[in-house]
Amino acid sequence: MAESPVQLRPFREEDLDVVVRSSTEPAFSLPFEWGGYRSVPRLRARWEEDWFLEKDPRQLAVVEGEGPAIGLVMW
């Protein structure tokens, strides 16, 4: 059985729970460093503004094939 490749893509609305969890649940980021709490309404507004692509920090969803987000990358 062939595995679906891992890909990066802009966040979709249905993926925002991954962003919220990474910003409100320290254990979600383990074993990596947690970036600290961020306001959920501000995260939503930021996504609506630029899909996390235009200003820092930029973020992309990590997905397997065409599935939902399973994580994120931030730079």
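Trainee: Is Asp-56 buried or exposed?
Mentor: Keep in mind that this is a predicted model. Asp-56 has a relative accessible area of 58%. The cut-off for exposed is over 50%, so Asp-56 is exposed.

Trainee: Which residue does Asp-56 meet in a salt bridge?
Mentor: Look for Arg-58. The N to O distance between the two side chains is 2.5 Å. Arg-58 has 24% relative accessibility. Buried needs a value under 20%, so Arg-58 counts as partly exposed.

Trainee: Which residues do salt bridges join into one network?
Mentor: Glu-13, Arg-44 and Glu-48. Their salt bridges share partners.

Trainee: How many salt bridges does a search of the whole structure find?
Mentor: Seven. Read each one in two steps: the partners, then their accessibility.

Trainee: Let me try that with Glu-49. What is the partner of Glu-49 in a salt bridge?
Mentor: Lys-55. The closest N and O atoms are 3.0 Å apart. Now the second step. Glu-49 is exposed, at 54% relative accessibility. Lys-55 is partly exposed, at 37%.

Trainee: And Arg-9: which residue forms a salt bridge with Arg-9?
Mentor: Asp-15 does, with 2.6 Å between the closest N and O atoms. Check the accessibility again. Arg-9 comes out at 12%, which counts as buried. Asp-15 is buried too, at 1%.

Trainee: Now the rings. How many aromatic pairs are there?
Mentor: The count is one. The partners are Phe-11 and Phe-52, and their ring centres lie 5.8 Å apart.

Trainee: How do I read the geometry of that pair?
Mentor: Use the angle between the planes. Over 60 degrees counts as edge-to-face. Here the angle is 80°, so the pair of Phe-11 and Phe-52 is edge-to-face.

Trainee: Where in the chain do Phe-11 and Phe-52 sit?
Mentor: Both are in loops. Phe-11 lies between strand S1 (6-9) and helix H1 (16-24). Phe-52 lies between helix H2 (40-50) and strand S2 (59-64). They are 41 residues apart, so the pair links distant parts of the chain.

Trainee: Are Phe-11 and Phe-52 buried or exposed?
Mentor: Phe-11 is buried, with a relative accessible area of 1%. Phe-52 is buried as well, at 1% relative accessibility.

Terms used
Residues numbered from 1 in each chain as written. Predicted model: local features only at pLDDT ≥ 70, side-chain atom pairs only at ≥ 80, totals over all residues. Heavy atoms only, no water. Phe/Tyr/Trp six-rings, centres within 6.5 Å; stacked < 30°, edge-to-face > 60°. Helix = DSSP H or I, 4+ residues; strand = E, 2+ residues; numbered from the N terminus. Buried < 20%, exposed > 50% of the residue type's maximum accessible area, 1.4 Å probe, protein only. Salt bridge = Lys/Arg side-chain N within 4 Å of Asp/Glu carboxyl O.
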